[in-house]
Amino acid sequence: MLQLSGIKKSFGNIEVLHGVDLSVQAGEVHALLGENGAGKSTLTKILCGILKPSAGEIRINGEVRQFSDYNEAIGAGIGVVFQEFSLVPYLNAVENMFLAREVKNRLGFLKRAAMRRRAEDIMRQLGVTIALDVPIRHLSVAEQQFVEIAKALALEARILVLDEPTATLTPAEVEHLFQVMRSLRGKGVSIIFISHHLEEIFQICDRVTVLRDGAYVSSCAVSEVDQPRLVEMMVGRRIESSFPPKPTLPSDARTVLHVEAVQLAKDGPVSSFSLRAGEILGFAGLVGSGRTETALSMLGAYRAARCKLSMNGVAIRFKDPSEALAAGIGLLPESRKEQGLITSFTILHNVSLNNYGKYLLGHFFINRKREFDDARTAMQQVRVKAPSPNTRVDNLSGGNQQKVVIARWINHTMKVLIFDEPTRGIDVGAKAEIYQLMRKFTARGYSIIMISSELPEVIGMSDRVCVFRAGGIVATVEGEAINSEQIMTHATTGRIQHVT
């Protein structure tokens, strides 16, 4: 069905793809794996006509094709569901599915009924029930994901690229997506599946191709490899354990932060917890359980019904995040693009953000050399893959963008760090590096609250775990009790104490 041979791509004098091969058969789910910066996104953009290759050829059903833009790729039957959705939030599902390709009569008027029938038919094929007449912004992330897939199918795509489609889905939504993928595979649609969740590769994929540093490494049947072998192919070395050893915290470790009472909603549950020096405190629970809202309420970024806390024994209440920052609390937010970065800025300016007082010379001048050196050092510590600190953040992969946010806190003098989904969209090699960084932070005396939807991450990294359900903490577990059975039991059946 699809054959990419010897694909090269250069930006100026820098070659980022070095003769990549990719072969996808009809009715196959083919995994495309690699670390952040391995070349997956660049290859995808070449396939769909957004970028032109410097060398190599694309064949579809044996015919050589060259695409000057995305529209030509669509015409050839290629549909891409990007990690960042390309939907118009104020239009409904039908309008998004046929945007710029509306069905019209001979007089140029829209055939709305015909488009809706076609949309209903595609959704029926997908086994999805979605409110087609409401603006996209009112749909859940999973529903928007299916609208993106339906949009590609409305264009009669026979080759479908799914870029990190499960990143923000619940386990039940992931399973539904996989059912849809199996159904499409049965109808002869070829699917290229990009994911950092290696366990998903073994659930849904038939074959896998691995890239590393812009070069082709290998292709094979999924049945021929195991997870450690895939990791080794991706990073060029074996990673025996992603999680560093947990240090033993002193029994008398100082309490850095004590949250006496936080109540997200009036008459809702009241939670309390403490954070000790050198500790990683995990926040676990199902999506919507109140983990992120609890952390943001501490910073004054979420209006809670009640929030009473103290730092180092001194009662304090933050009106907004700037006050929390001044007190030494840093946040790596769940949504890096919307809340953590200014993507049109350079790495240097994002790393220096909120910390320019450090570089002032007098009242009006900035020590640019020191600013540049600090940004470069922070980049090197978290291994941001970019030519220099002057690289714009919107030119980086998602994982490298996440690393830039972490680099900012390396450049700050923080006491408490809140990491909300710190490894979402990051490859296995980079995850191990970030876990090591987190332990380096705690070894220096930092304290970390880690909010994560990945149970292995919570279990492997947390010294204690606060388990949330329905807006409050239902249990705090430590030691041997930090296991999947205990955490999920509390998260799904834990008793909620409501205030009357």
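N312 has a relative accessible area of 40%, so it counts as partly exposed (buried is under 20% relative accessible area, exposed is over 50%, and partly exposed is in between, using a 1.4 Å probe and protein chains only). The model is predicted, so local features need pLDDT of at least 70 and side-chain atom pairs count only at pLDDT 80 or more, while totals for chains, interfaces and linings use all residues. Residues are numbered from 1 along each chain as its sequence is written, and side-chain values use heavy atoms, with hydrogens and water left out.

**Two loop residues with positive phi**

Back to N312: it sits in the loop between β14 (306-311) and β15 (314-316). Helices (H or I, at least four residues) and strands (E, at least two) are DSSP runs here, numbered from the N terminus. N312 is not a glycine, yet its phi is positive, at about 50°. A470 is another non-glycine with a positive phi, in this case about 55°. Look for A470 in the loop between β21 (464-469) and β22 (472-478). With 49% relative accessibility, A470 is classed as partly exposed.

**The cores**

Now for the inside. The largest nonpolar core takes in 55 residues, and L126 and I149 have the most contacts inside it. A nonpolar core means a set of buried Ala, Val, Leu, Ile, Met, Phe, Trp, Tyr and Cys residues joined through side-chain atoms within 4.5 Å. Helix α5 (residues 141-154) is the biggest giver to this core, supplying eight residues. Set aside the neighbours of I149 within four places in sequence, and I149 still touches V81, L126, L160, L162, L177 and L184 (contact means heavy atoms within 4.5 Å). There's another core of 34 residues lying apart from that one, and its members include A375, M379, W409 and L417.

**Two helix pairs**

How do α5 and helix α6 (residues 171-186) pack? Their axes are 11 Å apart, at an angle of about 15°. Axes are lines fitted to C-alpha atoms, for helices over the stretch in contact, and angles run from 0 to 180 degrees between N-to-C directions. That makes α5 and α6 roughly parallel to each other; angles under 35 degrees count as roughly parallel, over 145 as roughly antiparallel, 65 to 115 as roughly perpendicular and the rest as oblique. On the α5 side, A142, F146, I149 and L153 meet E173, H176, L177, V180 and L184 of α6. By type, the residues of this α5 and α6 contact are seven nonpolar, one polar and one charged. For these classes, Ala, Val, Leu, Ile, Met, Phe, Trp, Tyr, Cys and Pro are nonpolar, Asp, Glu, Lys and Arg are charged, and the others, Gly among them, are polar.

Helix α13 (residues 368-382) and helix α14 (residues 398-410) make another pair, with axes that come within 9 Å and cross at roughly 125°. These two, α13 and α14, are therefore oblique to each other. Which residues make the contact between α13 and α14? From α13 they are A378, Q381 and V382, and from α14 they are K403, I406, A407 and I410. Sorted by type, the α13 and α14 contact has five nonpolar residues, one polar and one charged.

**Some single residues**

R117 has its place in helix α4 (residues 112-126), and at 54% relative accessibility R117 is exposed. S68 is in the loop between β5 (63-65) and α2 (70-75), where 40% relative accessibility makes S68 partly exposed. Beyond its neighbours within four places in sequence, S68 contacts G49 and K52.

Is H197 buried or exposed? H197 is buried, at a relative accessible area of 17%, in the loop between β8 (190-194) and α7 (198-204). Leaving out neighbours within four places in sequence, H197 contacts T166 and E454.

A261, in strand β11 (residues 255-263), is buried as well, with a relative accessible area of 3%.

| Pair | Apart along the chain | C-alpha separation |
|---|---|---|
| R117 and F273 | 156 residues | 53 Å |
| S68 and S462 | 394 residues | 50 Å |
| A261 and A26 | 235 residues | 57 Å |
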